Amino acid sequence: MERIQVALERARAKRGQGKKPAAPAAEGTKQSSIKGDSELATVWSELKPFEPDQDLLNEHKIPAFERNSLSTPIDMLRTKVLQAMRDNGWSRLAITSPNASCGKTTLSLCLAFSIARQPEQRVAVIEMDLRRPNVAASLGMPRGISQFSKALEGRDPINEHLVRITDNMLVGANLHSARNPSELLQSDTMREALDEVEQTYKPTITIFDMPPMLVSDDMMGFADSVDCTLLVAAAESTSISEVDNCEREIAKRTNVLGIVLNKCRYMGKEYGYDYYS
Ligand SMILES: Nc1ncnc2c1ncn2[C@@H]1O[C@H](COP(=O)(O)OP(=O)(O)OP(=O)(O)O)[C@@H](O)[C@H]1O
Ligand SMILES: [Mg+2]
């Protein structure tokens, strides 16, 4: 028994030798639970709470609070995203796609719930698709609870339009489209509002649900405000050249964290999708 212990320790030490040290966490991204910080606990507790209906989330393919066959690939993605972002000291992640309906909003929310299942994380989802917003509808939020574009325009305080979904997950959503989304996504008031979200609520990760790239310049205008981007492609609908062009465009302005192939109908068991079912 003792020999096994020693061998295990040796193996662990050896693995640790060549490991790249994690980059120091950026200002405001220190990992600590909200409850351990009374000031932070107070500002989070003052946000409007909203608990989404589990059946509605299931209908929208958002595995929020349960582990099932849908949550497994998302949890695997979460681990890769968190590791890459931590290693690089990144905290802002945009999720976009070449064309519409690839699953950006679904993925943004799935990933956020998955991250929120780790209590040491704090996650904010900010909806930046200000033309066809869908976060509020996906979560089943009631009217009037959140129109975050008003905070981005500097017309309302940010806390009026942020909603607490779990102890460590908040959302800034929109029920209506905004006026002049392109200009708004490049404005100083938008930058100030996002800085304030970070300074006040200290999210370890902020996920921005973006519009598709091939229908407007919103994503390109906003790209330099994020640390990295995930590009979502839909199986049987997004072409390789669309992915290729969009990846190249994003890479000119920010880091491409990866490409997610969504809506695959035919996935083999070798990908582990049936493991827990
Ligand atoms: N992995 C998936 N499997 C099956 N259906 C999915 C999957 N991901 C998303 N969908 C469905 O596809 C539709 C579009 O999803 P979603 O709204 O997330 O896409 P989007 O890229 O945000 O769209 P838009 O470009 O309009 O913002 C929704 O009905 C959603 O439930
Ligand atoms: Mg969307």
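## A predicted model, by question and answer

Glu153 sits in the loop between helix H7 (149-152) and strand E4. The model is predicted.

Reader: Which side chain makes a polar contact of 2.5 Å with the side chain of Glu153?
Author: Start in the loop between H7 and E4, the place of Glu153. Leave aside residues up to four places away in sequence, and Glu153 touches Ala178, Arg179, Leu184 and Thr189. The polar contact of 2.5 Å joins two side chains, that of Glu153 and that of Arg155.

Reader: How many helices and strands does the protein chain have, and in what order do the strands of the open sheet lie?
Author: The chain comes to eleven helices and eight strands. The open sheet has eight strands, with mixed pairing. Their order is E1-E4-E5-E3-E6-E2-E7-E8.

Reader: Why is one side of E1 and of E8 left without a neighbour in the sheet?
Author: Strand E1 covers 48-49 and strand E8 covers 255-262. Both stand at the edges of the sheet. One side of each is left without a neighbour because each has a single partner strand.

Reader: What is the bridge partner of Arg92 in E6?
Author: Strand E2 holds residues 92-96, and strand E6 holds residues 205-209. The two run parallel, joined by four bridges. In E6, the partner of Arg92 is Thr206.

Reader: At what angle does helix H5 run to E6?
Author: First take helix H2, residues 38-45, which lies across E3, E4 and E5. H2 runs at about 105° to E4. Helix H5, residues 104-116, lies across E2, E3, E4, E5, E6, E7 and E8. Its angle to E6 is about 165°.

Reader: How much of the area that ligand 1 exposes alone does the protein bury?
Author: Around ligand 1 are 15 residues, and Gly103, Lys104, Thr106, Arg132 and Asn262 come nearest. A backbone N or O atom of Gly103 lies 2.9 Å from a ligand oxygen; for side-chain N or O atoms, the distance to a ligand oxygen is 2.5 Å at Thr106 and 2.8 Å at Arg132. Taken alone, ligand 1 exposes 630 Å², and the share buried by the protein is 73%.

Reader: What share of the residues of the protein chain count as buried?
Author: The chain exposes about 14700 Å², with 49% of it supplied by carbon and sulfur atoms. Among contacts between residues at least 6 apart in sequence, 82% join residues at least 24 apart. Of the 277 residues, the buried share is 46%.

Conventions. Residues numbered from 1 in each chain as written. Chains lettered and ligands numbered in written order. Predicted model: local features only at pLDDT ≥ 70, side-chain atom pairs only at ≥ 80, totals over all residues. Heavy atoms only, no water. Pairing = 2+ DSSP bridges. Contact = heavy atoms within 4.5 Å. Axes fitted to C-alpha atoms, helices over the stretch in contact; angles between N-to-C directions. Polar contact = N/O pair within 3.5 Å; in protein donor to acceptor, adjacent residues only side chain to side chain. Near = heavy atom within 4 Å. Areas by Shrake-Rupley, 256 points an atom, 1.4 Å probe, with all protein chains shown as cover. Buried < 20%, exposed > 50% of the residue type's maximum accessible area, 1.4 Å probe, protein only.
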